[in-house]
Amino acid sequence: MGLSTLCVALCCLCLVSTSAGQKPNKEENNPTGRCSGWEETLSTQLTAPSNFASFLKTNANNLPKLSSGCVMSFSQSANASAVADLMKVLNEAYDNLNPGTKQTVYLWIKRMYTQEDGPVIKNMAAKETDKKPVKPPGNITENDPDMKPDGKPGDKPGKDDMPGEGEGKSNWITVNVLKLLGRFLLQAPISAIKDIGENINSSLCSLYSSVTGPFDKFYDLNSAQANFLFQGLQKCNVNITDKNEIAKLGQMACFFATFAGKLDQSTINVLMMKLKNCSGDVKNVYQNLMKSRPAGSMNAEELKNVGDAVVGFSVNQLGNLSKEAIQESLDQLKKVKGWSQGQKKALLEKVPDAADNAEGLKKLGGLVSALDSKALGKLKGSDLLEAFKSQDVSQSADSMQPVQKKSIIRAILKDKSINEALKELPTALISEISSQTLRNATDGTLTLDFLDKSIPWNKGQALVIIKKILKNLKTPEDIKKLRDAVTGLTCSNIESMPVDNLRALAANEKMTRDQVRCAASAYFKALNKKLADLTADEITQIPPSFLLFIKSFDELMNITRPACSSVVSLLAQANPTLLPRSSARRQEILKFIKSCLKIDDTLTLNASQVHDLGLAVCYFDPKDFDNMGTDVFQKAIDKLKDCGKFEGKVKESLASKIIATYGNSSTWTPDVLNQLQSLLSLFNSTQLEKLQTNADIRVVLIYILSRVIKPEGFVAPDLDFTPKMDDVSKAFSKMILGNQAATPSSKRRKRAAVDCSGVIQPTTDEIQTLNAGCTAFSPAQLQCMSTDTFTNTLDILASVKGFSTEQLTALKEKALQVYSQKDLVKQISSLKGITLAFSQDEVNNYFATPDIDMLSAVGESKDWLSPAMQSKAKSIAENFLKIKPASSLTSSDLVGMRYFVCVLSAEQIENISNVEYSTAVSNIGKLQCPSDVLTALKNKAISTFGSPDTWSEDVAQDLGTIVARLNGSEISKLGEKVMPYLTPEAVSLIPPAVFKSLSAAQLRSLGTDNFAALSSDQRAQLDTVLLQALDVNPGAINLAYSAGHKISPAFAAIILTLTLLTMNHL
């Protein structure tokens, strides 16, 4: 067996991993500008309709699958009535269309209305009998200003070429076009939305005055778009605060916060009726409605009349309500959505002893999530399950802390079997059922139909579940029912599946990287054909993600030109984040696509080709971006946003190209920001601080920042695709606060009165707007804020991560000023991270008799383990253990202690019950404790689960970081099948001297995410044989070489044989 044979055999293993298998944006199956099947008939019917209405009705189920590529090819001489009929049904199917299709439908309509000779189609929304076609100037790809392929590559576009500019002030969007577009208006650039309402004679004014409820179905309206629509309506001389006008606002009412403080009661009632139809968070609207309401004098009847708007009351306002008013209106208060924890606690203080039984819990409804874990754990399991039959109580579980959930699970399982519990528990609680407990569930409970719900199974649970139901996984429909439990499928489970089942599996967005790799290998093996021999239909049926993991891209180079374009279509859809950032496969994909599309240089790239490239633009190198024409680069922006994080020279190249395309940041419009979105992360704070600071820019930035969510837990750098928005957040904070933003100052070493004269106090609105960006406030501002502002925003301030020690100290001083000692003890749970600033004396005073809810609230931060904090953390833990010794700690105690577990002594850990430890271990395994504590936890794991050679996949997964403290002898006993189920965080923590004890077979089985978590120090401990075994893993940067070690043909044969054996046992 030669070296080339080895490379082919190993390529199927060397490129994947375990991150979500979904596409960044769900996309269509045919993005390359052509129609297929029923789409071809649709395209033909648009120009020569025959029984078109009947055709649309027959294909109603197909329309949501309409591809953007097909829409791009629609003729511009479309029949007027046919277009009107199609747009009507597309508006009905809007929610189920792919994002790319929605955008391209808008561009198609736009193109028909911006033709040079003026479209005759302007009456297309009129009569059914109007069959007059529009003369086509070409298709969207070649002629749309937003998809312009020609022009000198590299030329900076003039004003008419800029996105959102040069649209004739959008005068093509007449009132008839607005009616035709319907919901597709929201696919327009922000400037186009702004321009349709530029004066009293605008098309927006005409639409508003002639159509009932024009915005009723604008469910995907965002704050920036709503802002411009409101501006337009005001130019129509519409009194937005009039109740008759509010009744016509539809989804725009969901963004009414700016005007909410100017309404009388009858108008408020109308607005509140509209707000019931909002799917997003409208709490800010309610807050503005209730800001000036005197709550203290309200009786129960008045409180009931306030309705859902009561959630807009501040913590102080709720605290001023009488007990009678709250208790007598509890039936309504319990149903209100959106309460913060602080608000819930303020209400519960007025409802004592309400949670003694099922009826008491039902009376509290959604407020149940503010009960402490001790109160919940005292209840009978039957009472808890009965209470959860109430929808309000059931939904309250969504906002519970792990300690509350574990207390409930523990209480229920005292009285009920796991089978009874699973049938009646809210899905939000199921994640706290331990894998050990789940083993006792029967096949009659864990059925496929039971799994076919939105249940957040963790991987340890999923592994247990799959072992129980594997025999029932027979058809594609069975596979589809797995949902989150899919992560429990091992490679050996997957490789025996038939092709249809593998296709169904590929559609599951929860698949891990290694599962996608295994499924791809099984799929191509089952096809039993070379890619060059596949028919066009067979190629289009390949799941896009599977193509990332074919054995060798050399095989693709031999396929025919027509087949080549079909493969490009698939690769353009495949999620690039499945491949590690350093994977060699990325450049192989790009090389193939360039060869297929005959792209010698991105200098010659046109807009149509950019569209065909799809997500493959994520693989471009700096030179590719440098050479790309600015007009063409605009077309790549939408896909580049889905690539995730860029670093190094690629980041610099992209930033330079964006400036060349859109100008300096000081000139950027809301349209440009909306186009760039997460790509703003390419710029530093100095560049971002040059942005204009008007209200329109701020609205767009709030929207952009809200869309980027940091992943929880450990993520290896090579698999971290989340854009870093820190500088964007800083620039936004400075935009809101101006010169108030925090500047470095000397640390105060002792409590001292702060001179607040001249200090601009933070407002509630500013804190709510900035949220995590509150780190921009100076310590003086934080300490000088008003008492009302502090108490009303404590939920936000206490949850902000990133405050400096000085800022936390300022907040602590404010808390000491606001609360008496007795009250402060009660508020410890609300202070959360602020308690990190407590002195040793303050810890002794306020944590003298801590309960588990206090520990849970403040123990989330790893900062308790820092040298400066560790002695205080030990004091808190010791005070808790005086009340509850280690031997009596329950699983809910262990979960609630969080990082305080990491300051326990080896003796204390040894005294923990094995049973309680086993049911809490998946939570403990997420902690990064000091090495001596992890060693004690590892000894407890061996005492509980037995020798490491007996550990199953789910045990290894649940143990998490604890596995990292196995010694060389112990770690070498781990089974090969267990290795992919070690957590990446655990792998990253294995000492290099221990890591070298792993065998070649174990190293080959690590998996992609674990491979990516390795450090250079760990690799440095391996000899040539072990390094070569390690680099068999998907994600190795070089497929045939590693650290300069070349694989010999003889060794290749050994590796290949062992690899095949390994795959058969996974």
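This note sets out numbered points on a predicted model.

1. Basis of the model. Because the structure is predicted, local features are reported at pLDDT of at least 70 and side-chain atom pairs at pLDDT 80 or more, whereas totals for chains, interfaces and linings use all residues. Residues are numbered from 1 along each chain as its sequence is written, and side-chain values use heavy atoms, with hydrogens and water left out.

2. Overall composition. Of the 1066 residues in the chain, 57% are buried. Buried here means under 20% relative accessible area, exposed means over 50%, and partly exposed lies in between, with a 1.4 Å probe and protein chains only. Among contacts between residues at least 6 apart in sequence, 74% join residues at least 24 apart, a contact being heavy atoms within 4.5 Å.

3. Disulfides in general. A disulfide is a covalent bond between the sulfur atoms of two cysteines. The criterion applied is a pair of cysteine sulfur atoms within 2.5 Å. A search of the whole structure on this basis finds eight disulfides, and three of them are described in the points that follow.

4. C491 and C518. The sulfur atoms of C491 and C518 are 2.1 Å apart and form a disulfide. The torsion about the S-S bond of this pair is about -110 degrees, so the disulfide is left-handed. The pair links distant parts of the chain, with C491 in helix 31 (residues 491–495) and C518 in helix 33 (residues 513–527), 27 residues apart. C491 is buried at 8% relative accessibility, and C518 is buried at 4%.

5. C564 and C596. A disulfide is also assigned to C564 and C596, whose sulfur atoms are 1.5 Å apart. Here, too, distant parts of the chain are linked: C564 belongs to helix 36 (residues 561–571) and C596 to helix 37 (residues 585–597), 32 residues apart. C564 has a relative accessible area of 5% and is therefore buried; C596, at 7%, is buried.

6. C756 and C784. The sulfur atoms of C756 and C784 lie 2.0 Å apart in a disulfide. With a torsion of about -85 degrees about its S-S bond, this disulfide is left-handed. C756 is in the loop between helix 45 (726–737) and helix 46 (764–770), while C784 is in helix 47 (residues 779–784), so the pair ties together parts that are 28 residues apart in sequence. C756 counts as partly exposed at 34% relative accessibility, whereas C784 is buried at 4%.

7. Surroundings of N91. N91 is placed in helix 5 (residues 80–92) and is buried, with a relative accessible area of 17%. The side chain of N91 reaches the backbone nitrogen of R183 at 2.8 Å. That distance falls under the definition of a polar contact: a pair of N or O atoms within 3.5 Å, where within protein one must be able to donate a hydrogen and the other to accept it, and residues adjacent in sequence count only if both atoms are side-chain atoms. Leaving aside neighbours within four places in sequence, N91 is in contact with L180, L181, G182, R183 and F184.

8. Helix 13. In helix 13 (residues 265–275), the buried residues are T267, I268, L271, M272, K274 and L275. Viewed down the helix axis, they fall within an arc of 155 degrees, so they line one face of the helix; the arc is that of the directions from the helix axis to the C-beta atoms. These buried residues pack against helix 12 (243–246), helix 14 (283–290) and helix 15 (300–306).

9. The second largest cavity. The structure holds four cavities of 30 Å³ or more. A cavity is a set of points, on a 1 Å grid over the protein atoms alone, where a 1.4 Å probe fits but cannot get out, and lining residues have an atom within 4 Å of a point. The second largest cavity contains about 90 Å³ of space. It is lined by 18 residues, of which S434, S435, S918, S922 and D958 are the closest to its centre. Helix 56 gives the most to this lining, with six residues.

10. G968. G968 is located in helix 59 (residues 968–971) and counts as buried at 19% relative accessibility. Leaving aside neighbours within four places in sequence, G968 is in contact with V994 and S997.

Definitions and conventions. Helix = DSSP H or I, 4+ residues; strand = E, 2+ residues; numbered from the N terminus. 1 Å grid on protein atoms, 1.4 Å probe; cavity = no way out; pocket = protein on both sides within 12 Å on 5 of 7 lines; lining within 4 Å. Points joined across faces, edges and corners; volume = space filled by probe spheres on them.
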